[in-house]
Amino acid sequence: MKQIIAPSILAADFSNLSAEMEMINRSRAEWVHIDVMDGAFVPNITFGAKVIKTIRGLTDKILDVHMMVEKPERYFDDFKNAGADIITVHLEASPNLHRSLQNIKDIGLKAGVAINPHSNVMLLEDVLNIADLILIMSVNPGFGGQSFIERTYEKLRILKKMLKEQDVDPYVEVDGGVGLENAAKLLEAGANVLVSGSAVFKAKSPIKYIDKMVNA
């Protein structure tokens, strides 16, 4: 599976969203990562279906919606109708995780599961056969611009072994503190989707920065 770059819109300039999305459209990024936070599961509030719908109107790229939300199943239909392609829920926020993933798939979207830095990746063992995407958080969720947690590499290696044992091939995504300084090492450890926010949007030339990450 080829590597995919997913700029995180959380780091974009929302006073000039059209221009930021035009940059992404012109780049080699294939996905747009959208962090939905509710102020309860994480200590921050971002945006919901209305903003997703606005972004959908500005791009044809895959909209990768990461729900850092309690009781995420309340919003699956709203996000589908807003234009999401992938919905990812957190292991830690989904007591009926298998059902949540199946519900996402039942409405025609790809279903992902995210896991926080403190959670053991082995907890995902029973949903690897249903998840289309596994998201390894490499920072504690809630805010952009945090430092990368080095333990992520080992979690990726363990996950890679688990996927091989089950003979499944979901996307493996990493989110948090990702940039050129660690992209190649993350890909080598088993990731194939890299979410990058601050590193991309604060770069002197975001399009060139994305090019370099694609070629990492």
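How many of the five residues of strand β6 (residues 133-137) are buried?

## Strand β6

Five of the five are buried, so to speak of β6 is to speak of a mostly covered strand. Buried means under 20% relative accessible area, with a 1.4 Å probe and protein chains only. Strands are DSSP runs of E with at least two residues; helices are runs of H or I with at least four, and both are numbered from the N terminus.

L133, L135 and M137 point one way from β6. I134 and I136 point the other way.

## About the model

This is a predicted model, in which local features need pLDDT of at least 70, side-chain atom pairs count only at pLDDT 80 or more, and totals for chains, interfaces and linings use all residues. Residues are numbered from 1 along each chain as its sequence is written, and side-chain values use heavy atoms, without hydrogens or water.

## Neighbouring strands

Two strands pair if DSSP finds at least two bridges between them. Strand β5 (residues 110-115) runs parallel to β6, joined by four bridges. Here G112 stands opposite L133.

Strand β7 (residues 171-175) is also parallel to β6, with five bridges. V174 in β7 is the bridge partner of I136.

## Helix α5

Helix α5 (residues 152-166) has 15 residues. The expected span is 1.5 Å times one less than the number of residues. That gives 21 Å, and the end C-alpha atoms are 21 Å apart, which agrees.

Its buried residues include Y153, L156, L159 and L163. Among the elements covering the buried residues of α5 are β6, β7 and α6 (183-189). After α5 comes D167, with a positive phi near 55°.

How values were computed. Buried means under 20% relative accessible area, exposed over 50%, partly exposed in between (1.4 Å probe, protein chains only). Contact means heavy atoms within 4.5 Å.
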